[in-house]
Amino acid sequence: MQLSVGPYSVSVSRNSESKPSAIPPLIASGTNPGLSRYYYNAYDAPRTNLLFIRETVSACMYARSEAISRGVLHASRATRSTLGVQSRVQLVPEHPLERLLECPNPLIDMSDLLALSSQWLDATGNAIILKVRNIAGEVCELWPVPALSFQIEKGDDELPLTYIFQPTNTKIAAEDIIHIRRSDLRTAPFYGHAILSDILETAKADSAIRLFQERYFENDAVPRAVLKWPQGSFLTQAQMDDVRNRWEDRYGGPSNGGKIAILPDGGDLQVLSSGTK
């Protein structure tokens, strides 16, 4: 991948000298011996499932960021021959851009910066890097910035002019920001949408549905119908039990479906449903 900035270009490639280390398999003891708890849960508890989903997503994000952090960035200069053929020449290691790409700031190296950017991109859909300039206006450091809550102010040309970060309301010029985003129809063109957000929302909804189904008959059960008589009518408990038993015998069950019921004078039938509830 190459990114052109004026006469310079930045390219990313895999370091052929360093061999990727083998990723150990995820092993976890589940309820059933011999099966991973990420794939098996005897009781299918929604809260437990959500915890396992969160752990699995975190492991995937970490493995993905580890793979991306192995990339190596280099800067090159665009040149054009007398015949008009364009080529690129990699800058010498002593060049300020090469040193910046190797060590973006005193605390972390480029490998850490790539890993953090990958995690922010997966979690929020946005990876933001701040450019720190020296007195001469040259970029001397690169720092990752949390992409949790920010707004973009556009200029007269409808392009990003200022980034405003909350809750401190800090304003930074767009030219001092490197914004990598995962574009989406819902957030295009200047904001990113996390690839994991839809997955997590679906997982939460699924857990909520399972929890509701589990507790429906425990807390929200309602009778299918209620037989009512006018206020003031007095029925003993034995009479109410007799009416209910006769009604169930005559109209209860699938074999009695579709029969016409006739109630005594003043009687009323009210059908209940979970939707009405």
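This note sets out numbered points on the predicted model shown above.

1. Basis of the model. The structure is a predicted model, in which local features need pLDDT of at least 70 and side-chain atom pairs count only at pLDDT 80 or more, while totals for chains, interfaces and linings use all residues. Residues are numbered from 1 along each chain as its sequence is written, and side-chain values use heavy atoms, with hydrogens and water left out.

2. Overall composition. The protein chain has five helices and 12 strands; helices (H or I, at least four residues) and strands (E, at least two) are DSSP runs numbered from the N terminus. Buried residues make up 22% of the 277 residues in the chain, where buried means under 20% relative accessible area, exposed over 50%, and partly exposed in between, with a 1.4 Å probe and protein chains only. The accessible surface of the protein chain comes to about 19800 Å², and 57% of this surface belongs to carbon and sulfur atoms; the areas come from the Shrake-Rupley method with a 1.4 Å probe, and for residues only the protein chains shown count as cover. Among contacts between residues at least 6 apart in sequence, 51% join residues at least 24 apart, a contact being heavy atoms within 4.5 Å.

3. Salt bridge of Asp122 and Arg64. Six salt bridges are present in the structure, each defined as a side-chain nitrogen of Lys or Arg within 4 Å of a carboxyl oxygen of Asp or Glu. One of them joins Asp122 to Arg64, with the closest N and O atoms 3.0 Å apart. Asp122 belongs to helix α3 (residues 110-124) and Arg64 to helix α1 (residues 46-68), so the pair ties together parts that are 58 residues apart in sequence. Asp122 is buried, at 3% relative accessibility, whereas Arg64 is partly exposed, with a relative accessible area of 40%.

4. Arg182 counts as partly exposed, its relative accessibility being 25%.

5. The side chains of Arg246 and Asp242 form a salt bridge at 3.3 Å, N to O. Arg246 and Asp242 are four residues apart in helix α5 (residues 237-251), a separation of about one helical turn. Arg246 is exposed at 59% relative accessibility, and Asp242 is partly exposed at 35%. Elsewhere, salt bridges that share partners join Arg64, Asp122 and Arg182 into one network.

6. Helix α3. This helix has 15 residues and reaches 21 Å from its first C-alpha to its last, close to the 21 Å expected at 1.5 Å a residue; the expected span is 1.5 Å times one less than the number of residues. The buried residues of α3 are Met110, Leu113, Leu114, Ala115, Ser117, Ser118, Leu121, Asp122 and Thr124. Gly125 follows α3 and has a positive phi, near 85°.

7. Helix α5. Helix α5 has 15 residues, and its span from first to last C-alpha is 21 Å, close to the expected 21 Å. Just after α5, Gly253 takes a positive phi of about 90°.

8. Pairing of β5. Strand β5 (residues 126-133) pairs with β10 in the antiparallel sense over five bridges; two strands pair if DSSP finds at least two bridges between them. In this pairing Leu130 stands opposite Ile177 in β10. β5 also pairs with strand β6 (residues 139-145), in the antiparallel sense over six bridges, and Pro144 in β6 is the bridge partner of Ile129. The hairpin of β5 and β6 has five residues between the strands, and in it Gly137 takes a positive phi near 85°.

9. Three-stranded sheet. An open sheet of three strands has the order β7-β8-β9, with antiparallel pairing. β7 (150-154) and β9 (170-173) stand at the edges, each with a single partner strand, so one side of each is left without a neighbour in the sheet. From one strand to the next, the twist averages 25°; axes are lines fitted to C-alpha atoms, for helices over the stretch in contact, and angles run from 0 to 180 degrees between N-to-C directions. Strand β8 (residues 160-165) is joined to β9 by four bridges, and the bridge partner of Thr162 in β9 is Ala173.
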